Amino acid sequence: MAEPVGSATIDLDALVANLATLRSSTGATIAAIVKANAYGHGLVPVSRALVEAGADYLGVAQLTEARELRRHLPGIPIFTWLYAPGADLVGGIGAGLEISVGAPWAVDEILVAARHAGTVAPIHIEVDTGMARGGFSPEALPDAARTLAAAQADGAVDIVGLWSHLARADEPASGETGRQLERFHEAHEVLRRAGIQPRIRHLANTAGVLWHPQTHLDMVRPGIGLYGVSPEPGVATAAELGLRPVMTLSSTVVAVREAAPGTGVSYGHTERTQRSMMLGTVPLGYADGIPRSASSRGPVSVGGVRTRIIGRVCMDQVVIELPVGTGPGDEVIFFGAGGPTADEWAAAAGTIGYEMTTRIGRHIPRRYPPGTVGS
Ligand SMILES: *Cc1c(COP(=O)(O)O)cnc(C)c1O
């Protein structure tokens with residue numbers, strides 16, 4: 001096979017260090033969130049490293065990811081919360097997954113599935129406390145609680161948890177997080193009156209772990225911080241939080257040319273060189289996950305020197321200004337260790353750090369260098 005033109009190096013030691021850093025902020029049980037292919041870092045190697053490092057739980061959005069995870073990691077509790085009507089809940093229960101229930105139709109389907117599976121279904125009840133995305137509304141909760149309490153008494157379900165999700169935890173000054181916590185406690189009271197005592201109450205994402213200790217409850221669900229990216233660099237950068245980048249996205253200079261001042265570069269000549277410079281062509285583009293919106297802005301590092309994309313991002317390539325003394329075959333770091341941060345890229349592209357690591361194409365090989373955890 002031809003050498004790929006770019007790769008994402010995954011530093012599992014940094015991942016484990018970030019887990020320890022987040023753990024030092026909380027006494028709660030930790031559910032490491034590994035949805036979306038572990039935010040682009042590779043579901044199985046990342047999950048395995050987190051479990052070996054002592055993560056108590058794993059969380060993934062989708063049932064299919066959860067089942068893949070279960071095949072590789074038989075022992076660890078896995079929490080999963082996103083599925084559509086008609087999903088294979090029998091298979092999920094059979095795989096020992098802890099499935100969220102947050103809508104009336106989901107109550108019906110989990111009860112049918114538990115009967116078919118012939119085992120107790122461990123579930124977590126989701127309540128909407130202010131995200132308006134998932135979970136029972138305060139109006140729908142009492143009915144659901146009555147039905148689920150009866151199902152628990154019948155041995156169909158085991159109500160393990162009560163959970164919700166924070167909408168504005170990355171704004172430490174917002175009063176919304178406190179209001180969400182109040183609504184969470186009210187929901188807990190509704191369950192208590194229905195005779196349900198969930199063992200694990202969980203609410204906090206990374207921003208909650210870092211900036212809202214009152215939301216930690218019994219378990220926290222950090223995602224982005226594990227990967228060394230800040231939930232909100234405007235509040236604190238990853239470096240300020242003591243978090244190390246886990247993914248380093250890099251490629252190689254494949255062509256160079258000298259450009260006279262005024263040379264139009266890439267499609268549309270949206271940028272013309274202001275002075276004479278060396279241009280380098282690098283074979284990563286928007287098909288690989290480099291946002292086209294970072295045209296003429298996206299920062300890169302070559303030979304330890306910071307430079308940037310000149311002109312438009314193409315489908316498979318970009319053109320950069322080459323620092324003096326660099327040329328074909330030299331490594332180009334887009335983001336990660338030794339280069340710009342994913343958050344700097346996000347700022348250049350008008351998005352968030354989360355999207356930068358997650359959007360890197362699955363065809364870009366993830367490398368897990370020896371010397372790191374699990375190798
Ligand atoms: C993504 C997600 C998390 C983790 O959020 P971060 O901001 O990445 O820490 C936690 N819980 C749920 C339900 C999520 O969807």
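Figure 1. A search of the whole structure, a predicted model, finds one cavity of 30 Å³ or more, where a cavity is a set of points, on a 1 Å grid over the protein atoms alone, at which a 1.4 Å probe fits but cannot get out. The largest cavity has a volume of about 40 Å³, a volume being the space filled by probe spheres set on grid points that are joined across faces, edges and corners. Its lining, meaning residues with an atom within 4 Å of a point, consists of Glu-126, Val-127, Asp-128, Thr-129, Met-131, Arg-133, Gly-134, Ser-164 and His-165. By class, this lining has two nonpolar, four polar and three charged residues, with Ala, Val, Leu, Ile, Met, Phe, Trp, Tyr, Cys and Pro counted as nonpolar, Asp, Glu, Lys and Arg as charged, and the others, Gly among them, as polar.

**Figure 2. The largest pocket and its lining.** A pocket is an open set of grid points with protein on both sides within 12 Å along at least five of seven lines, and the largest pocket holds about 800 Å³ of space. It is lined by 42 residues, with Lys-35, Met-131, Arg-133, His-165 and Leu-166 nearest its centre. Elements that give two or more residues to this lining include α2 (35-39), β4 (78-82), α9 (206-211) and α11 (353-358); helices (H or I, at least four residues) and strands (E, at least two) are DSSP runs numbered from the N terminus. The lining has 23 nonpolar, eleven polar and eight charged residues.

**Figure 3. The ligand and its shell.** The ligand takes up the space of the largest pocket, a molecule being placed in a pocket if more than half of its atoms lie within 2 Å of the grid points.

Figure 4. At Ile-224, a polar backbone atom is 2.8 Å from an oxygen atom of the ligand. The protein covers 95% of the 390 Å² of accessible area that the ligand has on its own, by the Shrake-Rupley method with a 1.4 Å probe.

**Notes.** Residues are numbered from 1 along each chain as its sequence is written, and side-chain values use heavy atoms, with hydrogens and water left out. Local features need pLDDT of at least 70 and side-chain atom pairs count only at pLDDT 80 or more, whereas totals for chains, interfaces and linings use all residues.

Conventions. A polar contact is a pair of N or O atoms within 3.5 Å; within protein, one must be able to donate a hydrogen and the other to accept it, and residues adjacent in sequence count only if both atoms are side-chain atoms.
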